[in-house]
Amino acid sequence: MTKQVHLAAHFPGVNNTTVWSDPAAGSHIDFSSFVHFAQTAERAKMDFLFLAEGLRLREQNGKIYDLDVVGRPDTFAILSALAAVTTHLGLAGTINSTFNEPLEVARQFATLDHLSDGRAAWNVVTSWDEFTGENFRRGGYLPQSERYTRAQQFLQVATELWDSWRDDDIVADKQSGRFLARPDVGSFSHTDSQFDIAGQFPVPRSPQGRPVIFQAGDSDAGRDFAAQRADAIFSRHATYDEGRAFFADVKGRLPGFGRRPEDLLILPAATFVLGDTDAEAADIAHEVRLQQVSGATAIAFLEQMWNRDLSDHDPDGPLPTVDPVPGENTVARGRASVRHHRDPIEVAREWRAIAEAKNLTTRELIVEVTSRQNFVGSPQTVADTIDRFVQDDVSDGFILVPHITPGGLDRFADDVIPLLQEKGVYRTEWEGTTLRDNLGLTHAPVTG
């Protein structure tokens, strides 16, 4: 059976994917940029807008890492405002389970779901570093073994809070003067290793029952968490072989939790570059990579992996002859990328082999090993490739990350979406009124 392609839009602004120095780039914090981006995604009938969140600006060598786009405004304020200028687009926000409390997060998402008529989604994430914890009263951080314990229990508490109201709890009978179906609506009590709370949840059940739940972890514990509790997983495995392996692994875990393959959507982040021809797109993609990886950026990436100050290193020369410094105390504070290199000395050995084989400078090597362009080609080529990936179970669709804000989605919406619609693999009309409807998910029932 032919699968339908799901597409969403990631508002870029917290990493080097974004080329903020391009003449076509605009503000990453002005509301007009969010409006343009969201309305383009809605015009393209994409499932949702995805907004990442950071609780602290990253640092490198003790200084703010200003090669990223600086500025991390509040997620709920932005999504609530966008609810007023969109009608169908889902509104997905990344909110941390390590440094927040269940009642406030549950209340904010229930409110967003009401304000948007059922379009709210929560990307549940954890924090791994002490650096972020310094911004909060309790400070410190949770060991990796406890992060998912807290996340699991956090989501469990939030679910109990949302489910403390039933769909029919508001009677509002004007003749009898009876407003509530029962006197104890919203009552809750929960005690576990992370939380000991009891009270009354103040927000009635929202249009979706509960917001759509996203998860973005890639560890074994993260995959189990997604298979057990999430409605969708935000994956970084967008290449064909890695994507198929990830898809099979996570979908294969679902029966162990009493769930079906269609109960969890797998949506990797993916970048794209379009041109009138495949050759033109390849040329544009090369120029974009050079914009994304300047000499200064190449050194910054190198320092993250080498874990030492390399500010005097020539980006147009060979890789350093010294080896990386292993350890948890990194020069790049708050960057998840430093965790991806479990054995930096082995990675350095691999990078040197690539540089020697291809005669690459440091900058050229960093461009090669940090390539983020998943779909490059003419609109027809990109549409065909995305469709093939979805039909071959690489994913259920993609969360698109353009390199220009706010107009980076415009050509995709105008040129690629119609081709997917012509293939019959992409919606021409919305399936329903809520995000759950449009993702093919059921209305969330009250549990317990």
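Reader: What should I keep in mind before I start?

Author: The model is predicted, so to speak of local features we need pLDDT of at least 70, side-chain atom pairs count only at pLDDT 80 or more, and totals for chains, interfaces and linings use all residues. Residues are numbered from 1 along each chain as its sequence is written, and side-chain values use heavy atoms, with hydrogens and water left out.

Reader: How much space lies in the second largest pocket?

Author: A pocket is an open set of points on a 1 Å grid over the protein atoms alone, where a 1.4 Å probe fits, with protein on both sides within 12 Å along at least five of seven lines; lining residues have an atom within 4 Å of a point. Volume is the space filled by probe spheres set on the points, which are joined across faces, edges and corners. Here that comes to about 430 Å³. The lining has 21 residues, and R210, R229, D231, R259 and R436 are the closest to the centre.

Reader: Which helix gives the most to that lining?

Author: Helices are DSSP runs (H or I, at least four residues), strands likewise (E, at least two), numbered from the N terminus. The answer is α5, with four residues; α5 (144-162) and α6 (220-229) each supply at least two. By class, the lining holds seven nonpolar, six polar and eight charged residues. Nonpolar covers Ala, Val, Leu, Ile, Met, Phe, Trp, Tyr, Cys and Pro, charged covers Asp, Glu, Lys and Arg, and polar covers the others, Gly among them.

Reader: At what angle do α6 and α7 pack?

Author: Axes are lines fitted to C-alpha atoms, for helices over the stretch in contact, and angles run from 0 to 180 degrees between N-to-C directions. For α6 and α7 (residues 240-253) the angle is about 55°, with the axes 8 Å apart. The two are therefore oblique: under 35 degrees is roughly parallel, over 145 roughly antiparallel, 65 to 115 roughly perpendicular, and the rest oblique. Contact (heavy atoms within 4.5 Å) involves D220, R223, D224 and A227 of α6 with F246, D249, V250 and R253 of α7. That makes three nonpolar, no polar and five charged residues.

Reader: And which residues of α9 and α10 meet?

Author: L302, M305 and W306 in α9 meet P344, V347, A348, W351 and R352 in α10. This contact has seven nonpolar, no polar and one charged residues.

Reader: Where is the cis peptide bond?

Author: Look at omega: it is about 0° between T405 and P406. P406 sits in the loop between β17 (397-400) and α13 (410-423). Check phi too: D117, which isn't glycine, has a positive value near 60°.
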